[in-house]
Amino acid sequence: MTSNVTELTAVDYPLSINRPDLLRTPTGKTLDDLTMAAVVSGDITSEDLRISPDTLALQGQLAAAAGRRQLAENFTRASEMTAIPDDEVLAMYNALRPNASTAAQLSELASRLEDTYSAGTCAALVREAAQVYAARNLLAEDLPVAPLAPEEA
Amino acid sequence: MTAVAPRPTDSGVRTSKRTEILEARPVNLDGFVEEWPEKGLVAMESDFDPQPSVRVEGGRIVELDGRTRDRFDFMDTFIADHAIDVEACEEAVATPSIEIARMLVDPRTSRADVVALGRGLTPAKILDVVKLMNVVEIMMGIQKTRSRRTPANQAHSTSAKDNPIQVAADAAEGAVRGFAELESTLGVVRYAPLVAIGLQVGGQVGRGGTLTQCALEEATELDLGMRGITAYAETISIYGTESVFVDGDDTPWSKAFLASAYASRGIKMRFTSGTGSEVQMGNAEGRSMLYLEIRCILMAKGAGVQGLQNGSISCIGVPGAVPGGIRAVAAENLVASWMDLECASGNDQSFSHSPMRRTSRLLPQMLPGTDFVCSGYSAVPNKDNMFAGSNLETDDYDDWNVIQRDMQVDGGLRHVREDVILQVRNKAARAMQALFAELDLPVITDEEVEAATYANSSDDYPDRDVLADLDGARSVMERGITGLDLVKALERSGFGEVAENYLKVLRQRVSGDLLQTAAVLTGDFVPLAAINDANDYAGPGTGYRLSGERWEELKKLRHVTSAENPEEEVV
Amino acid sequence: MTAAVESVRTLALREIGPAERGTRPEEVVIALSPAFGDPFTKTIVDVPHAEVVRQLLAGIEERGGSARVIKVYRTTDLAAIAHFGAKLSGSGIAVGVLSRGTTVLHQRDLARLSNLELFPQAPLLDAEVFRAIGANAAQYAQGQSPRPVPTRNDQMARPRWQAKAALLHLKEFECIDHARAAVEVEPVITRVD
Amino acid sequence: MSLVIGVDIGNSTTEACIAEVVPGEVARLASSLTRTTGVKGTPANTAGAVTAVRRALEAAGRPSDALATVLLNEATPVISGLAMETITETIITESTMIGHNPDTPGGEGLGVGMTVALDELTTVEADVPVVVVIEAGADFDDVAHLLNGASERGVDVVAAVMHGDDAVLVVNRLPHRIPVVDEVSAVEKVPLGMLAAVEVAPPGRTIRTLSDSYGLASTFDLDAEQTRQVSPVARALSGNRSAVVVRTPAGDVTDRRIPVGTLTLSGSGRSLDVGVDGGADAIMEAIGRVAPLTDVHGEPGTHVGGMLANVRDTMTDVTGQPASDIRIRDVLAVDTVVPAVVRGGLAGEVSRENAVALAAMVRTSRSRMQAVVDAISVELGCETVIGGVEGEVAVRGALTTPGASVPIAIIDMGGGSTDAALLDRDGAVSAVHVAGAGELVTKLIDSELGLEDRDAAESVKRHPLAKVESFFHVRHEDGTVQFYTDALPPAVFAKVVTVTPEGLAPVPVRGSLEEVRRVRREAKRRVFVVNALRALVQVAPQGSLRLLGSVVLLGGSALDFEIPGMVADALAPYGVVCGIGNVHGTEGPRNAVAAGLVDTHAGTAAGPTAASREAVS
């Protein structure tokens with residue numbers, strides 16, 4: 001969708017008011033379709049109230065136009081993540097906590113992001129984390145070791 | 001043996017009557033300690049902080065504040081690789097600190113220029129700059145660098161009994177008084193769904209477009225957000241040293257990933273940090289509180305999160321006890337704003353026994369204006385505040401309104417007539433009653449609605465059947481009830497206007513407009529962010545000025561003698 | 001208990017050997033932090049350490065229990081101190097105490113960061129509370145289910161005590177001695193008035 | 001073919017069953033369940049009924065305009081009230097007795113001497129036996145020091161009574177193990193200079209001397225008349241591990257009955273007065289003599305008078321009928337015990353006083369169901385009719401349970417009342433409602449365990465118990481042990497807990513699992529089992545349970561984990577087959593009325609039809 005739209009600038013914000021024509025739900029509905037009548041009749045589901053990857057890309061353009069490079073990068077990662085189910089997003093987050101994953105597990109996670117979800121920038125973030133965790137001793141041990149004696153305090 | 005007991009005085013030594021009076025002043029119940037810079041128990045001026053430096057090789061930063069890349073901890077790495085603009089940094093760091101400090105204060109330097117220069121600065125350099133600024137200059141800096149033009153405020157709405165009807169009524173009153181965002185949390189965590197529903201319903205009754213959040217552990221908080229029961233999230237903590245960050249079971253990478261997860265669901269989110277947390281946990285690594293907080297701010301920026309709640313927050317007793325501590329707290333708000341982040345600027349935790357000191361701690365944020373002056377003004381009496389009490393509470397509403405009027409500053413609130421307040425409180429409680437009935441949740445009685453209308457604290461409400469409520473809360477989660485179900489139920493039960501407001505908030509998720517820096521929703525459901533309401537302060541006569549209709553609104557107080565007829569008060 | 005406060009007592013912790021695992025099934029271990037008793041002598045609100053130990057022991061004795069006291073040197077993490085004590089305790093129950101007064105009741109099968117009862121606000125702990133904690137520890141050790149010691153809360157503790165607590169924590173941290181293993185001590189409480 | 005919904009408005013839940021109906025044929029599509037709004041049989045029911053209808057439509061995927069008919073049950077307007085009165089009390093005068101049970105008294109044995117305050121110990125002559133009275137604030141080390149000093153001077157310290165929880169500590173610091181009773185909160189009221197006896201039994205034992213009238217007589221040198229007078233003291237102390245008795249000129253302990261008023265029972269054309277302090281058996285027996293009951297009044301100006309007036313006022317509020325039109329048609333009285341603080345006690349002593357709990361059932365003068373019918377008709381815009389009488393429809397619904405046959409009786413155990421109905425071979429139905437059900441059980445559990453926490457009592461009622469024996473295992477009340485791989489939460493450590501779907505919930509009692517279980521089962525037996533039998537006798541042919549064929553249990557309580565078994569056990573001696581309903585083989589004990597309404601409408605209702613329907617009582 002973004003291909004036939006010129007880069008957005010500050011005057012396009014807020015999109016919900018100035019450029020509703022560019023907005024679609026992941027199910028293809030427009031903002032105008034999201035009426036109370038449609039809600040009551042059951043034509044709208046939670047799926048219709050999610051943000052689409054295209055919309056995140058548009059917001060990324062606005063952020064970049066305002067000089068907010070990192071915010072735009074965040075929207076790029078977010079755009080990739082829209083495809084990942086809720087539970088798995090949380091599981092991936094937990095895998096990134098310190099001492100939670102081995103190098104191999106993080107590498108596997110990066111591949112899954114890349115291969116299953118085409119989430120290249122997310123994968124890059126995970127690979128970068130894996131490198132830092134290795135250097136800072138924040139990877140999980142390969143084999144879980146059961147403590148036998150009371151740890152010495 | 002409570003903290004409010006007066007200090008023991010050595011009997012036998014004669015003191016003057018004046019000393020007796022001074023000893024009894026509330027300020028002497030506060031704790032003050034000497035600095036210990038070697039351990040990081042120092043606000044912002046320490047010989048143990050690093051000197052600024054930066055070196056770029058092959059397109060990446062290889063030295064940061066005196067450390068070469070091989071000696072980087074993970075904060076250094078993340079900041080060097082994500083926060084700092086590599087092209088601009090060497091030149092930026094070479095600029096004399098005094099020049100930069102003056103740019104922050106000088107109205108002729110635009111916000112854009114000073115923000116652009118800031119993109120290339122290292123933590124030590126930023127510290128070096130703000131160390132040159134006194135508290136008035138810091139306030140000048142905040143006035144200019146704050147991202148949104150129009151200041152706003154955020155409230156806490158919680159209940160000591162986790163009573164969802166109380167949360168709804170106080171949220172409604174808070175919203176009608178002007179809070180743009182409402183935050184809740186729980187005593188009994190399992191109550192969360194019902195309290196989050198109360199907050200949302202109350203918010204939309206009080207003023208359509210109010211945004212709500214419920215502070216919980218990450219998974220539940222995200223779940224409530226994804227269901228559309230809450231609208232944003234804030235309590236995503238970050239820390240300034242690697243060891244404390246790891247103690248908090250996170251890293252900059254895990255938090256950056258979480259930030260993107262929220263955005264991918266269309267949910268607004270900001271991080272939380274603040275001076276004092278690292279030394280409080282005993283791992284400041286010998287750095288000053290402000291230096292470590294600047295590292296947090298740059299980490300947040302690097303993660304691409306739109307905003308940050310800072311201003312010491314729950315550790316305020318630590319900077320509050322050392323010399324220059326409250327200046328440092330103002331400086332951390334300045335740096336967050338300068339780094340182009342939305343700043344929810346603290347003033348949200350019980351800070352002092354002294355009313356005078358509570359007020360002075362507030363002014364560096366209230367006078368220049370911030371994106372959210374309080375990141376939690378207690379919209380319930382402090383004893384009901386489940387965030388352990390705030391610097392401001394419901395008892396202070398009138399004082400706040402008078403200070404706004406005295407100083408002609410906009411702190412985001414206004415005086416509201418009693419009849420209006422009673423009406424929204426009643427409506428919020430009735431909407432909850434109807435919604436609970438519609439959703440088969442435990443009954444809300446007419447007596448409870450009546451109590452909510454006139455109550456002050458949780459003591460004024462009949463007790464709920466806690467077991468039934470917890471069953472209800474569980475069923476909300478198990479049945480997979482979403483914001484959309486709540487909208488439907490409100491519409492069906494005759495609260496169409498509330499349903500409509502709620503639906504409009506949910507629709508924002510599709511547009512993503514609230515993901516932009518400092519975004520809030522106006523009463524007309526117009527997203528107001530640092531794009532369409534960018535701060536344009538450029539000296540006297542520019543930027544946000546309290547005038548016109550809004551100023552007329554703020555002139556109103558509970559009691560103002562009429563000029564026309566001095567025997568009466570202005571209504 | 002007022003008379004106790006009026007009398008002045010001092011505490012000496014006489015080392016009697018390395019801290020070892022106990023065998024008495026109903027004993028409670030009291031695990032003290034590195035600076036407890038020496039160099040510090042009182043809690044954040046000036047409750048003498050002698051009184052802290054005396055009341056904990058009295059609470060245990062009144063409930064028919066027995067106790068051993070150990071001192072650790074390698075950490076100031078209260079959870080770790082108490083959990084270590086619990087693993088040495090014949091009953092699996094331990095009381096961990098920091099020199100500023102913060103106290104926790106622990107059990108060896110619990111996760112380190114969990115607890116039976118936690119008293120995080122040191123400024124609110126007085127002799128009476130320490131007595132009650134001791135009494136509960138003894139009852140847990142006997143397999144009973146005592147009513148938890150009522151916790152007090154004071155929102156204004158933060159402005160008065162947060163920084164002093166941080167300072168005391170840093171000072172205690174300085175007393176860590178990684179070279180020194182935990183020892184069992186005999187508390188010698190002497191009345192000096 | 002038409003779309004029909006049967007709606008059953010119950011006391012706590014409203015159920016709906018939706019079906020496609022052609023004469024003689026029913027295709028059930030879906031059912032739904034919601035909370036009843038307002039008091040059953042009042043127009044406030046409309047909201048809940050409409051919700052149930054809408055839910056059923058949604059579940060069946062049918063639009064609301066396709067709906068042809070809504071069928072409601074003619075619900076007997078039965079409402080219940082609950083009250084409890086204590087009928088005994090224990091009073092101590094002149095602070096003559098301390099009968100509480102501190103967890104840890106000190107020493108053991110019996111000590112008899114004059115009461116002396118601690119700080120007056122120095123003035124006591126040598127060789128006089130003394131009982132030392134120690135006020136609040138004394139430190140145990142100081143106390144032991146002073147007692148030892150006195151002994152060294154030759155004072156005969158034989159026992160002590162103290163405020164703090166220090167008895168063991170003090171005794172451990174004395175050369176001789178004298179009996180010491182501690183935690184006496186009002187120790188300053190102990191009369192000084194009087195002869196007193198302190199007794200402490202070894203751990204796990206109870207006192208022998210002070211809990212025995214002749215023991216008291218020898219201790220205090222009493223004559224026969226005096227001995228008779230002190231017998232309440234002995235009785236009050238029996239079962240204690242420790243006690244103190246002080247002999248004062250007029251001191252006394254009385255155990256008296258509280259006059260709480262009389263009930264006036266009307267029925268069978270006569271009236272009968274019965275004193276509530278006579279206990280439950282006397283009340284129930286009197287009710288039997290005037291059956292069928294037409295109304296009950298309480299003696300004005302007494303506790304029971306106020307209690308019944310309250311019930312009547314509540315009914316007036318919910319039905320809108322004047323109090324004078326409200327008739328109490330059944331009462332269930334149950335004996336119970338409540339822990340009560342002893343008047344005049346010095347240590348917050350608690351005695352278990354007798355009490356009577358009453359559940360009263362009210363029938364209003366007329367049904368207001370037609371008002372509900374009208375309101376629903378307006379709300380949904382479709383035909384709404386009363387499709388049957390509750391008892392009859394329910395029993396026909398129950399008959400669809402696989403294996404059931406006529407004659408068949410049902411018992412529906414709800415929150416406020418227990419209902420029974422019988423369908424005989426001729427198709428005649430008789431039904432009865434009796435007072436007392438789930439709410440009364442909760443109240444009995446709450447008061448007998450001294451929980452003062454309705455939620456906790458409700459949890460005890462609904463869920464089985466277990467004892468947490470370690471962080472990794474619990475022992476269930478049936479003796480089985482369950483192990484956990486993750487440590488249980490600290491809040492349940494060593495506690496008696498209820499096993500709920502949400503996990504283990506601690507029961508805030510000090511008693512054992514067996515004690516809690518006994519109270520729970522006894523409460524259920526005294527209400528549900530008693531009521532099931534009481535109600536069935538009223539509908540059984542010639543009042544004989546043996547003539548009942550089978551009994552089907554319906555309603556929420558039929559899902560309880562033990563009530564069906566208890567009722568079945570009670571009925572077994574009469575040769576009655578008793579089981580849990582399974583309406584249409586799919587619905588379990590729920591939905592009997594809603595499904596029955598639809599069946600009746602389609603003319604497919606199960607069982608024989610009556611030539612002439614008897615009046616449903």
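**Entry 1: helix α6 of chain A**

I began at Ser118(A), the residue that comes after α6(A), and found its phi to be positive, near 50°. The model I am reading is a predicted one.

I then went back along α6(A) itself, which covers residues 103-117 of chain A and has 15 residues. From its first C-alpha to its last I read 21 Å, close to the 21 Å expected at 1.5 Å a residue.

Which residues of α6(A) are buried? I noted Leu106(A), Leu109(A), Ala110(A) and Leu113(A). Looking down the axis of α6(A), I saw that the buried residues fall within an arc of 95°, so they line one face of the helix. I reminded myself of the general rule: an α-helix has 3.6 residues a turn, so residues three or four places apart point the same way.

On the face turned away from the buried side of α6(A), I listed the exposed residues Ala104(A), Asp115(A) and Thr116(A). I also checked what the buried residues of α6(A) pack against, and found α5 (86-95) and α7 (120-135) of chain A.

**Entry 2: α4 and α7 of chain A**

From α7(A) I turned to its meeting with α4(A), the helix of residues 69-81. Two packed helices are described by the angle between their axes and the distance between the axes, and I looked up both. The axes of α4(A) and α7(A) come within 7 Å and cross at roughly 110°. I therefore wrote down α4(A) and α7(A) as roughly perpendicular to each other.

Which residues meet there? From α4(A) I have Thr76(A), Arg77(A), Glu80(A) and Met81(A), and from α7(A) I have Thr121(A), Cys122(A) and Leu125(A). Sorted by class, this contact has three nonpolar, two polar and two charged residues.

**Entry 3: between the chains**

I looked up which chains touch. Five pairs of chains do, and the most contacts are between chains A and B. There, 48 residues of chain A are in contact with 56 residues of chain B. On the chain A side, the elements that give two or more residues include α1 (15-18), α2 (36-40) and α3 (53-65). Which element of chain A gives the largest share? I found that α4(A) does, with eight residues. By class, I recorded 32 nonpolar, eight polar and eight charged residues on the side of chain A that touches chain B.

Between chain A and chain D I found no contact, and their closest C-alpha atoms lie 10 Å apart.

**Entry 4: Asp340 of chain B**

I picked out Asp340(B), which sits in the loop between α15 (325-338) and β10 (342-344) of chain B.

Leaving out residues up to four places away in sequence, I listed what Asp340(B) touches: Arg68(A), Val115(B), Ser147(B) and Thr517(B). I also noted that Asp340(B) and Ala112(B) are 228 residues apart in sequence but 9.6 Å apart in space, C-alpha to C-alpha.

**Entry 5: chain D**

Last, I looked at chain D as a whole. I read 14 helices and 30 strands in chain D. Its C-alpha atoms fill a box of roughly 105 × 65 × 45 Å along the principal axes. Of the 617 residues of chain D, 50% count as buried.

Definitions and conventions:
Residues are numbered from 1 along each chain as its sequence is written. Chains are lettered from A and ligands numbered from 1 in the order in which they are written. This is a predicted model: local features need pLDDT of at least 70, side-chain atom pairs count only at pLDDT 80 or more; totals for chains, interfaces and linings use all residues. Helices (H or I, at least four residues) and strands (E, at least two) are DSSP runs, numbered from the N terminus. The expected span of a helix is 1.5 Å times one less than its number of residues. A residue is buried if 20 or more other C-beta atoms lie within 10 Å of its own, exposed if 12 or fewer, and partly exposed in between; C-beta atoms are placed from the backbone. The arc is that of the directions from the helix axis to the C-beta atoms. Two residues are in contact if their C-beta atoms, placed from the backbone, lie within 7 Å. Axes are lines fitted to C-alpha atoms, for helices over the stretch in contact, and angles run from 0 to 180 degrees between N-to-C directions. Angles under 35 degrees count as roughly parallel, over 145 as roughly antiparallel, 65 to 115 as roughly perpendicular and the rest as oblique. Ala, Val, Leu, Ile, Met, Phe, Trp, Tyr, Cys and Pro count as nonpolar, Asp, Glu, Lys and Arg as charged, and the others, Gly among them, as polar.
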